[in-house]
Amino acid sequence: MVLSGDSICEVMLIAGFLGAGKTTLLRNILKWPGDLTKTAVLVNEFGQIGIDGELLQGFNSPVFELTNGCICCTLQGELLRTLEEILDKFQPRRLFIEASGVADPLDILKFIGTSTIKRQMTAPKVVTVLDGDMWEGREYFGPLFYNQIKAADLLLLNKIDLLPSEDVPRYLEEIREINSSCSVVPTYHCQIDPEVLWKPSLKPGQEIGIHLPHFHTDHGSAQGMGYVNFAFEEQVPFNADCFRRFMQDLPLKMYRIKGFACLGDRRYFLNHVGGKTEWIELDEAGPTRLAFVGWQVNEEDFIQALRTCLESHNL
């Protein structure tokens with residue numbers, strides 16, 4: 001990024017639907033060998049507990065978390081207070097904001113553009129991470145999904161390893177039909193050349209506060225759109241067979257599960273999105289901490305099913 005002044009903070013807004021790879025991108029950025037001094041990270045999670053903030057620990061950049069809501073709507077007041085705190089106390093040269101998967105980046109841009117701190121930062125460059133495996137089912141995700149694409153200055157078509165290679169060029173053309181002014185880059189695990197990420201926006205004349213046309217979403221809150229979020233935290237481990245059956249039997253409406261699960265004497269990082277689950281065995285011990293996001297699901301049904309899988313219940 002090219003700094004426009006010592007007192008101006010450059011802002012990058014990372015957007016994308018649930019499970020697209022936003023935190024993976026941030027982890028990649030924070031691992032780069034370049035100069036990341038005076039860099040801060042603000043993570044917004046729709047769920048009740050902060051999993052992404054924990055995944056971003058261990059780097060040199062401070063991480064701030066806003067949970068249990070979206071910074072595009074219900075958490076706007078907290079967003080402003082947190083941004084004021086970051087700018088005042090840390091005075092970063094760069095700030096990465098990871099929006100929740102059900103946040104509308106166009107609403108975030110509008111809010112920042114009308115805020116009292118807009119002169120202390122550049123117009124945010126929007127990097128949208130798009131799960132390529134979801135593209136064929138995009139009509140089911142509603143206007144919010146399209147707004148995340150329309151807001152992008154740079155779009156990463158991620159998880160191309162899951163796609164037939166002959167489909168990728170067609171997907172790129174279809175994305176450009178929605179947003180012809182953004183750069184589109186196919187990626188695997190959000191691996192991208194830093195020079196591509198830092199490249200200035202194709203909209204160099206854009207100022208904070210400019211009106212961006214977008215689809216109407218009635219995005220008063222994610223809950224209002226039918227999304228349900230809840231958490232499960234427990235010291236007692238799961239019975240491994242029972243918990244794996246629980247995961248296999250999940251309905252498609254239970255769209256997103258992310259966090260840490262203890263199965264017997266083993267602990268895993270769990271990443272479930274769109275009916276697919278990634279399991280990563282961990283070396284360190286610790287409790288189960290899982291964040292759930294579903295659409296029109298009954299929280300109590302899932303909590304009860306999880307409790308029946310605890311080892312203490314199976315003794």
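**Surroundings of Leu 95**

In this predicted model, Leu 95 makes contacts beyond its neighbours within four places in sequence. These partners are Cys 9, Glu 10, Val 11 and Met 12, together with Ala 40, Val 41 and Leu 42, and also Leu 83 and Ile 86.

**The largest nonpolar core**

Leu 95 also belongs to the largest nonpolar core, which has 53 residues. Within this core, Leu 95 is one of the residues that touch the most other members, the others being Phe 17, Ile 97 and Leu 155. Helix α4 (residues 105-113) supplies the largest share of the core, with 5 residues.

**The sheet**

The strands form an open sheet of 7, paired in parallel and arranged in the order β3-β2-β4-β1-β5-β6-β7. Strands β3 (63-67) and β7 (183-186) lie at the edges, each pairing on one side only. On average, and with direction ignored, neighbouring strands of the sheet are turned by 20° against each other.

Strand β1 (residues 10-15) runs parallel to strand β4 (residues 94-98), and 5 bridges join the two. Ile 14 is placed opposite Glu 98 of β4. In general, the strands of a sheet pair through backbone hydrogen bonds.

**The buried face of helix α6**

Helix α6 (residues 168-178) has buried residues at Val 168, Tyr 171, Leu 172, Glu 174 and Ile 175. Viewed down the axis of α6, the buried residues fall within an arc of 165° and therefore line one face of the helix. An α-helix has 3.6 residues a turn, so residues three or four places apart point the same way.

The buried residues of α6 pack against strands β5 (125-131), β6 (154-158) and β7, and against helix α5 (142-150).

Conventions: Residues numbered from 1 in each chain as written. Predicted model: local features only at pLDDT ≥ 70, side-chain atom pairs only at ≥ 80, totals over all residues. Heavy atoms only, no water. Pairing = 2+ DSSP bridges. Helix = DSSP H or I, 4+ residues; strand = E, 2+ residues; numbered from the N terminus. Axes fitted to C-alpha atoms, helices over the stretch in contact; angles between N-to-C directions. Buried < 20%, exposed > 50% of the residue type's maximum accessible area, 1.4 Å probe, protein only. Arc of directions from axis to C-beta. Contact = heavy atoms within 4.5 Å. Core = buried A, V, L, I, M, F, W, Y, C linked by side-chain atoms within 4.5 Å.
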